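This report describes one structure in short sections. The structure comes next, and the notes follow.

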Amino acid sequence: MSPVLQTDGLTVRFAVGGGLFKPARSVQAVSDVSLALQAGETLALVGESGSGKTTFARAMLGLTPISDGSVRFDGQDVATMTKPQRQAMRRAVQVVFQDPFGSLDPRLPVGAIIAEPLQVHSIGTSRSRAERVVELLDLVGLPADARNRYPHQFSGGQRQRIAIARALAPAPRVIIADEPLSALDVSIQSQILNLLAELRSRIGISYFLISHDLAAVHHLADRVAALYLGRVVELAPRDALYERPAHPYTRALLDSVPRIGAGKRVPGTALRGDIPSPLAPPTGCHFHPRCGRATAICAEIAPALSPIATGHFAACHHPIGVNPA
Amino acid sequence: MTSALLVADRLTVSLGQSDPVRILDGISFQLERGKTLGVVGESGCGKSMTALALMGLVPEPQRTGGSLMLDGAELLGLPEERRRMLRGKRLAMIFQEPMTALNPVMSVGAQIAEMLEVHEHASPSAARKRAVELLDQVGIAAAAERAHAFPHQLSGGMRQRVMIAMAIACRPEILIADEPTTALDVSVQAQILDLLLELQRDTGMAMLFISHNLGVISEMSDEIMVMYAGRVAEHGPAADVLAHPTHPYTRGLIETIPDIAHRQATLPVIEGNVPNLRQRGPGCAFAPRCKLVIDACRSAVPPLTGGRHQAACIRAAVPA
């Protein structure tokens, strides 16, 4: 089975600073990331701010120029696509953003917002589009009369449903969801998580889920990739990653998630230090200055993402639970 | 209970002049030395207003009712200048976004020093020296150099450490932390939570810790107060509230959060949204979203009942 959406060695560099007499420096926001999203699969990208999650998503969508590597849709390199092929891809890959307040046009009624992608891609007649809007509203759990109202008349959770309906309108095969829950109240987050899971089982869509919320990712993802300073440090099936994390950073990230009902915290377990500036990333393994397992080699050579079990990869010289060869 | 440092009794806050909205509707709780009261609830439930009422920072036009006693002395109705003397000195507060709370054009060391000069009448040089000590105490490496840094030169976690240094500068008896880690990454959040617990252990300060994140509340609190639409829904010892929640809202909050240890195909949900405070009916504010609702719930606001573990629900004894 070939992947729907795939990156090979995707690298994104930004020029920063620089002026008339000062050379610009370059920041590598995404470094050599190769990930493949299979049909019907949910692949999650986790990491803290500055890890490159959002830049990676933007590069896949063609919203940020790629410096090296490639993005392929249905096996076809987007760089060499013909115009019709590119249009087909734009229709098949849709996005849901974090902020349902900023991503919906406040001057359009909800029906027009949802029908817009259909119009852009010249799908159907105005009548069939109107029918499709009602069908989509029902699919995301909103009443048909919502189409005549405006975004400000809806709560945050309802707006995120509208954004999801709009993304679903052109019957995409992939939805890239960038922090779809983080602007919502806790009781609303579970409603949206359930909706995303239900849509997946009803229409067999693939999700690229970008999130810092490890519990939400655990709920929805089939596979998880952990990013640190632009590099994939671990990639594994969900249960393997949560139960047997091999990279010390993944382990620390999981240990940092506050647990309900485990009693008051015992200070002293937190990961030390801040995420380093991507302008001056540490040599070798980017994580070595904060890592309890680091040795001399970690400061010198960046470890490659290597298999440690079936489908489980880690970029670490001293992965947890793996005996040195 | 003799050890209570601060006692809030049926605290109410109404905002607005012509058509006031009751933001807090009869909140009662106590803060004890060395202990943390965790306040949890969703947006609009009154968490932050509780903090502002304690600090005496409720925005005008407002009306505050009930009682707020610090060490046996009433705070409500105190003239503003007396209230201001307490702020920073006996009660201090840290916020979610330190960038907006810090002065962007003043070095962080100078900001802390200024505070010591005002409240403790320290000499400029002594204040400067103490500012560096405080930065060191909150875990900022190379504190003497970092004291010269401006807020924008520091990371989010560092800025929150600076805020905490400023808050503890005058050794307050009560620290109010309003979503102090919400803007931070999880690994940095863990560091800040550790720091607050260590400071509490060393100074014996009482904490009012506000968060929408039940995991964070669980890890920080001795007691938990669950708020809903400006009222207390449930209140009790932390372990008890989390293991045996009795209010349907608390139960719902705990169940709806995905749990890494117990994955469920479909998450339980609380239907509907947090109500607009103007549209709270005569009964329980949670009634429209409650699965256990009966007619009596809609006719009168249920009182808090129970011993150390209380809930404001006439259906609290009914199994979900």
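## Contact between the chains

Two residues are in contact if their C-beta atoms, placed from the backbone, lie within 7 Å. This is a predicted model, in which local features need pLDDT of at least 70, side-chain atom pairs count only at pLDDT 80 or more, and totals for chains, interfaces and linings use all residues. Residues are numbered from 1 along each chain as its sequence is written, while chains are lettered from A and ligands numbered from 1 in the order in which they are written.

In chain A, 35 residues are in contact with 41 residues of chain B. The elements giving two or more residues to this side of chain A are α6 (186-203), α7 (214-220) and α9 (248-256) of chain A; helices (H or I, at least four residues) and strands (E, at least two) are DSSP runs, numbered from the N terminus. The largest share, 6 residues, comes from α6(A).

## A sheet in chain B

An open sheet of 8 strands in chain B has the order β6-β7-β8-β3-β9-β10-β12-β11, with mixed pairing. Two strands pair if DSSP finds at least two bridges between them. β6 (91-94) and β11 (305-306) of chain B are at the edges with a single partner strand each, so one side of each has no neighbour in the sheet.

Strands β10 (residues 231-237) and β12 (residues 310-311) of chain B run antiparallel and are joined by 2 bridges. In this pair, Glu234(B) is opposite Ala311(B) of β12(B).

## Around Ala165(B)

Leaving aside neighbours within four places in sequence, Ala165(B) is in contact with residues including Ile112(B), Leu134(B) and Val138(B).
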